[in-house]
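This report describes selected local features of one protein model. Please keep the sequence and the structure in view while reading.

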Amino acid sequence: IFFFHMELLAFTLLSSIVTGFVIGEQIKDRNEGTKYATLVEWLERNDGGLYGARIQSFPGMGTGVITIQTVKERELITRTPLTALINIEHAWASNDFGPIADDLSHLSNLDVKSLFVHYERLKSDSLWKPYLDSLPSDIHTTLFFDEEELAALQSSMVKEFAKNQQEAANKVYLKIKADLNSRHPNILPNFTRADFFWGLSMWSSRAHTIRVKDRDGRWDQASCMVPLADLFNMALHQEQVNVVCDTNEASTHFECRTSKPLAAGEQLLVNYGADPATRHNGRLLMHYGFVVHDNPFDSVSLKRPQLNEELPDYAQRAKLAQKLSLLSNTFFQLSRPQDPFFTVKELLIAFRLIEGAPSDVKAAGLDPHIFAKPFSLQNEKKVVRAAMKYLKMVLVKYNTTAEEDRAILSNAALSSNAQYAVMLRMEEKVILMQNIAYLKGLLKSKTEL
């Protein structure tokens, strides 16, 4: 265990309305504007702050940060003292929550941290009160989807993932509730499932993995909630990223700086993950609570096709499947055909193994690389048709068409969760149709096969 500045600063808690902070014009709610003003003032009093930018609401994107003046490359935008961050060590070191954390040592760090931020949120004298008061209470991660909203996902695998997510989180909640009732009956007597799910959602959507020096001066990493730095919205494309964040060399502050010159009025965007494959709508909805329309990195979660166990050479095919990491009871992401990481090829490899002639499979031995290319024109047509049939079977399981979903989305009465569910399933259908069209094109092109 490393300790990063556990000698926490005595932050000044504010009780008055701050008027010196510029709030984005689109933040209409006075209380909403005040809580962000209070947050920035709190950090400013402790050697942090927001510079050359303001917090603003963006249609369809929620709260973000926008420049209010021309800024140069490497210009400081946010500065957050490490002493203002929240991580698991604060839960363990807390005088009042520490004994609770010790009694809940059988839980994961994430579960303990989620309980801790809810616990601190209720304290009037919490060290992080200005920050915790600024966090949203209206959450749209799938943890908060009710039965009707889950049903709106139709046959999307995200529905199964979300149900499993809710069931697992509920089991932990019930365990925590029972432990609190038996060991700490006066602590959080009104602790609800929604309270725990809120904490989980805060960590899944706002945590940063940051560098920090331990007491011996060695760099280590920690998962932390970082006030201000968690307000930047996501850049879909790397070229849209205009802010980069890191711990300063002295390991005293987490700083976010511009990565290119910017004009006034530009939204500041960060990378939510270096791997584009992690930016699909299913993950964005489950972990961050939003969906991106026409997301170029979107994909559909599919169950891998299964081998027929009655095949006479099933044993050899099964060994090859294991080497290829295919055909097990797992999932893969089917991307758009124009995606540079186009994954329908993975589906074709699977069906080459399934549909390959016994002689071809036998000739392959246990070399999985053989399946990266067609065995023959005749066999590849069989493979492509099987893949098309598979995708069509997935598509027809949805209750509505993509066109019908577009009409449904025009209904202003839909809840935010329902809108996200309809948009996610609609985009999945579009991706499936795009891949089916691509496979149809393959059948017509002998040269491609």
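In which sense do strand β2 and strand β3 pair, and over how many bridges? The model is predicted, and in it strand β2 (residues 53–58) runs antiparallel to strand β3 (residues 62–67), the two being joined by 6 bridges. Within this pairing, isoleucine 55 has valine 65 of β3 as its bridge partner. The hairpin formed by β2 and β3 has 3 residues between the strands, and glycine 60 in this hairpin takes a positive phi near 80°.

**Positive phi at residues other than glycine**

Aspartate 47 is not a glycine, yet its phi is positive. The table gives the values.

| Residue | Phi | Loop | Relative accessibility |
|---|---|---|---|
| Aspartate 47 | about 65° | between α1 (30–44) and β1 (49–50) | 46% |

Aspartate 47 counts as partly exposed because its relative accessibility is 46%, a value between the limits of 20% and 50%.

**A buried residue in a helix**

Asparagine 417 belongs to helix α15 (residues 416–444). With a relative accessibility of 7%, asparagine 417 counts as buried. Leaving aside residues up to four places away in sequence, asparagine 417 touches Ile139, His140, Phe144, Phe145 and Glu149.

Note on methods
Residues are numbered from 1 along each chain as its sequence is written. This is a predicted model: local features need pLDDT of at least 70, side-chain atom pairs count only at pLDDT 80 or more; totals for chains, interfaces and linings use all residues. Side-chain values use heavy atoms; hydrogens and water are left out. Helices (H or I, at least four residues) and strands (E, at least two) are DSSP runs, numbered from the N terminus. Buried means under 20% relative accessible area, exposed over 50%, partly exposed in between (1.4 Å probe, protein chains only). Contact means heavy atoms within 4.5 Å. Two strands pair if DSSP finds at least two bridges between them.
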